[in-house]
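Hi,

Here is the structure I said I would pass on. Have a look at it first, and my notes follow below.

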Amino acid sequence: MSITVMILSGGRSSRFGGVHKPGVRLGEQTVISRILTTVRAALPEAEVWVAGPTEGLSDAEAGSVRSVREVPEFSGPLAGIDAVVRAMGEAETTVILAGDMPLVPAAHLRDLVTASRESGLPAAGSDDRGKLQFLCAAWPTSLLIDRLDDIGETKDRAVRLLFDGLEVTPVDIDPGEVVDFDTREEYERIARRLGEADGGADGAVGGGTAGTDERQARRPVPEEVMRLRERAGTELAGTDIALSEADVEAVLEFASHIKHSDSEVSPVVAAFLAGRLRAASPDASIAEALAQVEEALTRPDGGESPTRS
């Protein structure tokens, strides 16, 4: 039975600060390297394609896969799927995997392939919201090609269109193992889960430590932000609204945290709200005002996650 596995890595990662998500470190491997290792363990006979950059793979790993870019670039995962299907050779079964889903176990990939082969239908598990995980699925390749032909233009269109009107074979899976990440907070939850599974080994962006302190897992403050902090401290010195270095750092850290959170509020608006709150309660410290606004803006609301970026 011939199998093709595609790993989708072509997103902008805009909610992750523009850092290429598949290339960030998680424990001792990058996210995409971890996914590729799982694929090789589960389906060693499969031909593997990467739809998007191979950044995060070692030279040896990159040399063991084939790659293609969606046209135009950054036009969405459906366009990435289409690009691979047009470029790959014949295969009985095609497995689709998101490039930011590092916890999928090898056994689940094998179960997906078996279920799809036996049913002649796409097979997928459900995520932590009870919804089909479209980007961890196995397909009869001929059916996948037919669906793409029916859809036609794939640029910036939703992957769920592949599944519309089709019966899908469900495959049992722990929902926590088919989670992806769009934000720093989601990444950190995955890192903690991985650390617990590995007996306490922590993962972190850039090879640092995630731990219980979320700030440790954030990427270094950009140079331009450091310059802004220094300028703010200089310009405001000696005025009635002078901020201490710690205050300036707290405000900038707060704005960065809001930017990478699930809140849809602009970090500038969030910082403004904190300033208004502090003005209304002069006895409160800047840190206390920021904490109150952050709690309000990042409180889970039970709603559906924003569209993947």
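A word on terms before the notes: helices (H or I, at least four residues) and strands (E, at least two) are DSSP runs, numbered from the N terminus. This is a predicted model, in which local features need pLDDT of at least 70, side-chain atom pairs count only at pLDDT 80 or more, and totals for chains, interfaces and linings use all residues. Residues are numbered from 1 along each chain as its sequence is written, and side-chain values use heavy atoms, with hydrogens and water left out.

Let's start with aspartate 127, which sits in the loop between strand E7 (123-126) and strand E8 (132-140). Its relative accessibility is 8%, so aspartate 127 counts as buried (buried is under 20% relative accessible area, exposed over 50%, partly exposed in between, with a 1.4 Å probe and protein chains only). Leaving aside residues up to four places away in sequence, aspartate 127 touches Gln133, Pro175 and Val178 (contact means heavy atoms within 4.5 Å).

Now for the backbone. Most residues other than glycine have a negative phi, and most peptide bonds are trans. Against that, the bond from valine 71 to proline 72 is cis, with omega near -10°. Proline 72 belongs to the loop between strand E5 (66-68) and helix H3 (77-87).

Phenylalanine 74 is in the loop between E5 and H3 too, and has a positive phi, near 65°. Phenylalanine 74 is partly exposed, at 35% relative accessible area.

Aspartate 156 also has a positive phi, near 55°. You'll find aspartate 156 in the loop between helix H5 (141-151) and strand E9 (169-170), where it is exposed at 54%.

Cheers
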